[in-house]
Amino acid sequence: MCWLRLALWLQPRTHGCAVSWRRVHKLASLQKATTLPPRKVQSLLYPFSTLESYLDRSVDRTQFQLFHPSMEDMVKAEKLYCSSPSHKIDYYTSAERMDHVPALQQPEVCFIGRSNVGKSSLIKALFSLTPEVEVRVSKTPGHTKKMNFFRVGKAFTLVDMPGYGHRAPKDFVEMVEPYLYTRKNLVRTFLLVDGSVGLQKADLIALEMCEEIRCPYAIVVTKIDKCGHGTLLTNVINLQDVVKTQTTSCFPQPFLVSSLHFWGIYLLRCFIAHITGSIQLTDTSRS
Ligand SMILES: Nc1nc2c(ncn2[C@@H]2O[C@H](COP(=O)(O)OP(=O)(O)OP(=O)(O)O)[C@@H](O)[C@H]2O)c(=O)[nH]1
Ligand SMILES: [Mg+2]
């Protein structure tokens with residue numbers, strides 16, 4: 001009995017949400033992340049801050065920090081990503097065609113981008129506090145073949161999409177485009193761009209499509225761990241130019257993430273919680 005109590009007491013808990021700790025990544029929660037040295041915490045929470053010191057003084061930084069929530073807000077948001085009996089996070093269903101798409105009321109966000117850009121990995125990192133939710137990732141492009149719906153209690157739904165470009169399922173256009181055009185509860189599309197290679201032709205086509213649909217979208221720059229600061233900065237500045245000059249529905253701030261190292265994951269969790277109306281930001285946070 002004593003041993004059992006000791007074992008329970010030793011189990012790390014994250015803000016009151018019990019998780020199967022053996023499979024939880026060591027940086028999945030803010031609580032763990034904030035035990036690191038301050039500079040590391042800063043780059044985990046606000047990855048742009050690491051790049052900022054390399055930027056020329058003349059470059060306007062405000063666009064990169066429009067959404068800059070306080071730690072308090074990030075903690076508030078994180079609670080949403082912990083499953084509990086009254087707030088279940090689970091894989092709901094998959095759909096290959098619009099007539100298979102579930103009718104759901106809660107706000108929805110979806111993740112689109114080239115095959116292999118890291119869509120499924122990003123969702124996996126967002127759900128890392130609930131590792132029992134299985135999100136399949138693969139080195140082989142074209143892995144995700146259907147639209148996969150994940151429910152976050154009654155708060156919102158995340159949709160993992162098949163990728164476009166190399167080895168994309170041939171019916172991507174028939175599957176994803178109609179969804180983007182007709183989904184009523186879709187509040188934001190996240191367009192993922194690989195930070196280590198920058199904007200590709202296929203990304204520009206996707207960007208044009210998002211503009212045509214006029215549904216609000218935001219760009220997530222993935223795999224920021226894969227290249228040096230110089231390459232990343234060049235790609236991000238180039239992307240910002242395109243956003244500034246060629247878009248009207250795109251959120252001006254790109255979200256920089258590494259799903260492997262958890263850079264930017266806490267910020268994105270908070271942004272999703274905010275845009276789906278699941279949390280109220282404190283006055284110190286801007287968006
Ligand atoms: N270095 C690095 N690799 C990553 C990151 N995110 C994803 N990857 C790798 O990129 C590959 C593709 O990841 P997925 O998440 O399956 O990509 P996807 O966009 O869902 O691909 P499809 O389902 O084929 O459209 C895997 O080998 C991942 O481990 C990251 O942040 N950093
Ligand atoms: Mg995938």
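Reader: Why are H5 and H10 called roughly perpendicular to each other?

Author: Helix H5 (residues 71–80) and helix H10 pack at an angle of about 75°, with their axes 8 Å apart. Axes are lines fitted to C-alpha atoms, for helices over the stretch in contact, and angles run from 0 to 180 degrees between N-to-C directions. Angles under 35 degrees count as roughly parallel, over 145 as roughly antiparallel, 65 to 115 as roughly perpendicular and the rest as oblique. H5 and H10 are therefore roughly perpendicular. Helices (H or I, at least four residues) and strands (E, at least two) are DSSP runs, numbered from the N terminus.

Reader: What kind of model is this, and how is it numbered?

Author: The model is predicted: local features need pLDDT of at least 70, side-chain atom pairs count only at pLDDT 80 or more, and totals for chains, interfaces and linings use all residues. Residues are numbered from 1 along each chain as its sequence is written, while chains are lettered from A and ligands numbered from 1 in the order in which they are written.

Reader: Which residues make the contact between H5 and H10?

Author: Asp73, Met74, Ala77, Glu78 and Leu80 of H5 meet Tyr266, Arg269, Cys270 and Ala273 of H10. Two residues are in contact if their C-beta atoms, placed from the backbone, lie within 7 Å.

Reader: What makes His229 exposed?

Author: A residue is buried if 20 or more other C-beta atoms lie within 10 Å of its own, exposed if 12 or fewer, and partly exposed in between. His229 has 12 other C-beta atoms within 10 Å, so His229 is exposed. His229 belongs to helix H9 (residues 229–246). Leaving aside neighbours within four places in sequence, His229 is in contact with Leu51 and Tyr54.

Reader: Why is Asn116 called buried, and what is its phi?

Author: Asn116 has 23 other C-beta atoms within 10 Å, so the residue counts as buried. Its phi is near 80°, a positive value in a residue other than glycine. Most residues other than glycine have a negative phi. Asn116 is found in the loop between S2 and helix H6 (119–126).

Reader: Is Arg214 buried or exposed?

Author: Arg214 has 10 C-beta neighbours inside 10 Å and therefore counts as exposed. Arg214 lies in the loop between H8 and S6, and its phi is near 65°, also a positive value.

Reader: Why do S1 and S7 stand at the edges of the sheet?

Author: The open sheet of seven strands has the order S1-S3-S4-S2-S5-S6-S7, with mixed pairing. Strand S1 (89–95) and strand S7 (255–256) each have a single partner strand, so one side of each is left without a neighbour in the sheet. Two strands pair if DSSP finds at least two bridges between them. Strand S5 (residues 186–194) and strand S6 (residues 217–222) run parallel and are joined by six bridges. In this pair, Val193 stands opposite Val221 in S6.

Reader: What makes a nonpolar core, and how many residues has the largest one here?

Author: A nonpolar core is a set of buried Ala, Val, Leu, Ile, Met, Phe, Trp, Tyr and Cys residues joined through C-beta atoms within 7 Å. The largest has 71 residues, and those with the most contacts inside it include Phe111, Val220 and Val257. Helix H10 (residues 265–275) gives the most to this core, with eight residues.
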